[in-house]
Amino acid sequence: MKSISTAILTSAICLGLGTPALANRVFVSNEKGNDVTVLDSATLEVIGHYPVGARPRGITISPDGKELYVCASDDDLVRVFNPETMEETHTLPSGPDPELFVLHPSGNPLYIANEDDNLVTVVDTKTHKMLAEIPVGVEPEGMGISPDGKVVINTSETTNMAHFINSETYEIFANVLVDSRPRFAQYNDAGTKLYVSSEIGGSVSVINPETQAIDKKITFDIPGVLPEAIQPVGVRVTKDGKKVFVALGPANRVAVINGETDEVEDYLLVGQRVWQMGFTPDEKYLFTTNGNSNDVSVIEVAENKVVKSIPVGQQPWGVVVAPN
Amino acid sequence: MKGRIIILLAGLCAATPVLPQTATQKPMEMVRAAVLRVDKPSLPPISRLDTPPADLGFAGARLAIEDNDTTGRFMGQDFEALEIAATPETAAAELDKLLADGVGFVVTLADEEQTLALSDRAGDRALILNARARGDRLRGADCRFNTIHTAPSHAMLADGLAQFLMWKKWNEWFLISGSHPEDIALADAYRRAATKFGAKIVEERSYEDTGGGRRSDSGHVQVQQQMPVFTQRAAEHHVVVAADEAGIFAPWLPYQTWDARPVVGSAGLVPRSWHPALEAWGATQFQNRFEKLATRPMWDEDYQTWLALRMIGEAATRTNSTETGALKEFMLSDKFEVAGFKGQKLTMRDWDHQLRQPVLLTTGSVTASVSPQDQYLHQSSALDTLGIDRPETECKF
């Protein structure tokens with residue numbers, strides 16, 4: 001039944017496209033499968049599975065689309081791949097247990113959260129040298145960067161803070177206490193809002209980057225879902241800042257938030273334990289990683305609609321779409 | 001590897017002003033706590049795998065202090081926990097020393113009787129955080145206002161297991177309890193859970209501790225003869241529920257029962273607060289950090305001690321205070337919540353000062369399930385389907 005409806009849906013999508021959409025590669029890290037599943041964003045089909053080292057979690061790609069970075073957490077390094085061939089080109093020193101990272105908008109350097117050692121490591125992606133280690137709170141995870149590249153945000157899950165780091169001096173200049181287990185930090189493109197999700201606190205703090213004050217706390221209420229199951233993790237904002245998507249973990253929903261009012265407008269049913277998300281460059285689709293159902297849900301952004309689920313590998317964690 | 005990092009960190013802290021302005025401007029304020037473990041002389045456990053490590057509980061404390069101090073750097077707060085291993089004879093004197101020294105928080109790892117005695121001795125001079133004793137009377141008729149419990153109660157553990165058994169439709173239980181007072185108290189919790197969730201105890205037997213059957217005695221040689229006979233001709237049942245808090249016989253039950261039935265409770269499928277194989281909810285990195293520090297897996301007592309000290313740290317962060325009274329008040333308020341790697345926030349029951357928490361149902365090598373089971377709903381918190389709820393409490397502060 002499910003496969004039939006999926007098939008119909010898929011063909012409907014394909015028929016709906018008068019002209020072939022620009023195909024981008026979608027890269028999904030599978031935490032327990034030690035591989036990356038590559039999808040085609042036009043056909044929504046799996047291209048292949050490629051080994052990438054032990055416990056891959058954070059995944060990102062250079063702005064020019066030439067280097068794919070994967071946090072190989074249990075190898076204690078970042079592995080770099082040619083996104084076309086999925087061959088490893090080199091590794092970057094990451095410090096122990098890299099979990100999540102963010103690239104400077106220019107593509108260099110890379111800021112890495114070292115979960116087991118309470119550090120953020122800064123690595124030059126050109127020289128492959130470690131530039132700095134910045135001590136932060138307990139269990140650093142979320143990494144965000146301001147659109148102008150001047151401020152790096154790290155969230156520490158057990159300290160419950162968003163640390164504001166000056167990207168030139170590597171000094172922490174502000175610490176904002178948020179609700180329990182902050183997992184992710186995301187600026188809007190205008191740089192006027194910083195969204196920080198709190199997994200156990202069940203909220204998203206909307207922080208004013210200028211004053212570092214929490215302007216609003218977004219909370220979630222889904223009929224028929226236990227409040228304990230609502231655990232916000234990944235956050236993505238459309239380029240125009242009008243739509244904010246928040247992955248709600250074991251609530252198996254993605255919340256759609258109005259980026260102007262910061263009010264929840266919709267909940268989309270996706271796979272189980274949804275954590276991270278990635279847009280296609282044209283923002284037609286948003287891909288979500290569903291760790292417990294081992295699949296990726298595809299959301300049609302304009303329609304707020306889940307159009308397909310694609311089986312990937314074991315415990316999908318992160319996702320990034322090639323820019324070209 | 002570890003050493004390198006420490007040196008690097010220290011170097012960074014000393015050489016460059018990496019720390020935020022707040023930490024360097026404000027003098028560090030100290031929060032002082034102690035972990036008082038009362039060790040009773042006892043026989044070795046049935047399995048040598050269950051021999052308690054020398055740093056039981058203390059290792060959990062060290063991780064909590066590391067965690068609290070890391071956060072404390074941003075708050076201008078410094079945390080310490082003294083580690084004291086006492087005997088039942090020296091425990092009171094050790095507590096007196098701590099109280100005289102002005103330590104405001106004492107985490108106890110002791111049996112029921114000792115925990116109660118320490119609570120009464122501390123009075124309003126210190127907050128006691130019970131990280132071991134599971135007896136329901138400490139949360140009931142013998143509850144104390146100055147005591148909070150991070151160890152789950154017998155009732156919570158029994159209810160957590162009962163919910164799972166009811167979901168399995170294994171509702172006919174053969175209850176075997178030991179002869180020690182703590183075994184009898186645990187068996188009471190299973191009887192209560194059976195009534196609460198609609199299971200039926202179809203047969204009850206008591207396993208007398210006559211000093212035999214342990215590894216130190218004759219071990220498996222006798223057991224293989226004893227256990228089948230002991231469990232023979234019981235009424236038709238789905239599971240054997242073992243209530244063996246003293247650790248005398250339960251590990252010998254699986255595969256030795258007369259009828260081919262699973263064993264749950266003190267052996268087989270065991271309800272507990274922590275399991276070193278738990279990986280969900282960020283537990284993997286928590287286990288990693290602990291194992292790096294302690295070079296062994298985490299025990300329940302380590303988790304419960306870690307939790308007690310993290311509660312203090314969390315209260316200090318949220319109140320931006322290191323003052324004992326303010327921290328106590330916040331911890332006991334409905335504003336308090338702490339994350340404990342169990343997938344949801346843990347909060348305090350105001351009627352008996354028990355910390356609400358999910359119960360892990362574990363086999364030897366995996367976490368098989370986590371209660372509360374989704375089917376059990378509650379008007380205020382699903383966690384209150386586990387243990388003694390507000391309307392039924394016997395606790396009066």
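## Helix α5 of chain B and its end

Just after α5(B), B:G123 adopts a positive phi of about 55°; helices here are DSSP runs of H or I with at least four residues, strands are E runs of at least two, and both are numbered from the N terminus. The helix itself spans residues 112–122 of chain B, and its buried residues are B:E112, B:Q114, B:T115, B:L116, B:L118, B:S119 and B:A122. A residue is called buried if 20 or more other C-beta atoms lie within 10 Å of its own, exposed if 12 or fewer, and partly exposed in between, with C-beta atoms placed from the backbone. The cover over the buried residues of α5(B) includes β1 (29–38), α4 (91–100), β3 (105–109), β4 (127–130) and β5 (147–149) of chain B.

## About the model

This is a predicted model, in which local features need pLDDT of at least 70, side-chain atom pairs count only at pLDDT 80 or more, and totals for chains, interfaces and linings use all residues. Residues are numbered from 1 along each chain as its sequence is written, while chains are lettered from A and ligands numbered from 1 in the order in which they are written.

Chain A has a mean pLDDT (the predictor's confidence in each residue, from 0 to 100) of 93, and 94% of its residues reach 70 or more. Take care at residues 1–19 of chain A, where pLDDT stays under 50 and the model has six contacts beyond four places in sequence. Two residues are in contact if their C-beta atoms, placed from the backbone, lie within 7 Å.

## Two helices of chain B

Further along chain B, helix α10 (residues 300–319) packs with helix α11 (residues 324–331) at an angle of about 105°, their axes being 9 Å apart. That makes α10(B) roughly perpendicular to α11(B). Axes are lines fitted to C-alpha atoms, for helices over the stretch in contact, and angles run from 0 to 180 degrees between N-to-C directions. Angles under 35 degrees count as roughly parallel, over 145 as roughly antiparallel, 65 to 115 as roughly perpendicular and the rest as oblique.

From α10(B), B:M311, B:I312, B:A315, B:A316, B:R318 and B:T319 meet B:A326, B:L327, B:F330 and B:M331 of α11(B). This contact has eight nonpolar, one polar and one charged residues. Nonpolar means Ala, Val, Leu, Ile, Met, Phe, Trp, Tyr, Cys and Pro, charged means Asp, Glu, Lys and Arg, and the others, Gly among them, are polar.

## Domains

Chain A is assigned domain 1 (52–177) and domain 2 (193–269), with bounds from an automatic or database domain assignment. Their C-alpha centres are 23 Å apart, and ten residues of domain 1 are in contact with six of domain 2. On the domain 1 side, β12 (140–145), β13 (151–156), β14 (161–166) and β15 (172–177) of chain A each give two or more residues, and β13(A) has the largest share, three residues. By class, that side has six nonpolar, four polar and no charged residues.

In chain B, the assignment gives domain 1 (19–152 + 275–356) and domain 2 (155–272). Here the C-alpha centres lie 30 Å apart, and eleven residues of domain 1 are in contact with 13 of domain 2.

## Where the chains meet

Between the chains, 28 residues of chain A are in contact with 22 residues of chain B. On the chain A side, β11 (130–135) and β15 of chain A are the elements that give two or more residues, and β15(A) provides the largest share, four residues. That side has ten nonpolar, eight polar and ten charged residues.
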